[in-house]
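Work through the following exercises with the coordinates open, and try each task before reading its solution.

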Amino acid sequence: GVSRSLRNRRQPPLPAYGPVSAATPIISLPVLVFDCETTGLDVACDRIVSVGGVRMQGPHIVRDNTIDRLVDPQRPIPARSTAIHGITDAMVADADPFPAHWPELEAAMRDTVLVGHNIAFDIAHLRRAAHRAGIAWRPPPALDTMLLAAVLEPRAGSVEFEAVAARFGVSVRGRHTALGVSLVAAEIFARLIPRLAERKVTNLGEATAFRWRAKAFVRRQRA
């Protein structure tokens, strides 16, 4: 495991690449690949226990600019959730609650596109945590590697994280840690970019429209 001192060590400021628009080319798109681990899957009542992220510019992963934070959910972590992500009540006992992490998260998301596998789940938890803390919430632009892969490979079968990673030749490490998932998702996104270009999807607006072709998966996400 990663020691508490390493997990909560302050990282250098994340670089600012400038605002994005629908016309921003994917090849230079400023991205924060993001994931969170939680006390459970119910957005209405479960809480975030860790957040992780890594910055990208187009296909380039900025590996020395990451977020890796434990978060105090201010409630016990169910054993069934600990069995998945390995985070215990003792590990978060000295961690800060979500509002204390928000300035760093907000700065990391500013002028970027949020990317992740089934990113709607993570955004829903961020939105809920922000509302709970009385923090103003503005939905970030986002791209979902799951939906993009589903449209690119409609006959490939599973779009679960491990399955997509395997098809794109990405080794899965740190599967149930927020930073580990973010790093793997970043590698998947880097491999999606040339595949999207082959389909004439070259900017953020085109990628946003392209993902919604995965209608069945969109309905499942919304449910």
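**Exercise 1.** In this predicted model, identify which residues of helix H9 (residues 204-211) are buried, and determine what covers them.

*Solution.* Begin with the accessibility criterion, under which a residue counts as buried when its relative accessible area is under 20%. In H9 the buried residues are Leu 204, Ala 207, Phe 210 and Arg 211. Next, consider their directions around the axis: these residues cover an arc of only 125°, and therefore they lie on the same side of H9. This pattern can be set beside a general rule: an α-helix has 3.6 residues a turn, so residues three or four places apart point the same way. Finally, look for what covers the buried residues of H9, which includes strand S4 (113-116) and strand S5 (142-144), together with helix H6 (145-152) and helix H8 (178-198).

**Exercise 2.** Find which residue caps the N-terminal end of H9, and give the distance involved.

*Solution.* The cap is provided by Asn 203, from which a side-chain oxygen lies 3.2 Å from the backbone nitrogen of Gly 205.

**Exercise 3.** Locate Gln 74 and Asn 118, and decide whether each is buried, partly exposed or exposed.

*Solution.* Take Gln 74, whose phi is near 60°, a positive value in a residue other than glycine. Gln 74 sits in the loop between strand S3 (60-70) and helix H2 (79-85), and its relative accessible area of 59% makes it exposed, the cut-off being over 50%. Then take Asn 118, which is likewise not glycine and has a positive phi, near 60°. Asn 118 belongs to the loop between S4 and helix H5 (119-132), and with a relative accessibility of 28% it counts as partly exposed.

Key. Residues are numbered from 1 along each chain as its sequence is written. This is a predicted model: local features need pLDDT of at least 70, side-chain atom pairs count only at pLDDT 80 or more; totals for chains, interfaces and linings use all residues. Side-chain values use heavy atoms; hydrogens and water are left out. Buried means under 20% relative accessible area, exposed over 50%, partly exposed in between (1.4 Å probe, protein chains only). Helices (H or I, at least four residues) and strands (E, at least two) are DSSP runs, numbered from the N terminus. The arc is that of the directions from the helix axis to the C-beta atoms. Contact means heavy atoms within 4.5 Å. A polar contact is a pair of N or O atoms within 3.5 Å; within protein, one must be able to donate a hydrogen and the other to accept it, and residues adjacent in sequence count only if both atoms are side-chain atoms.
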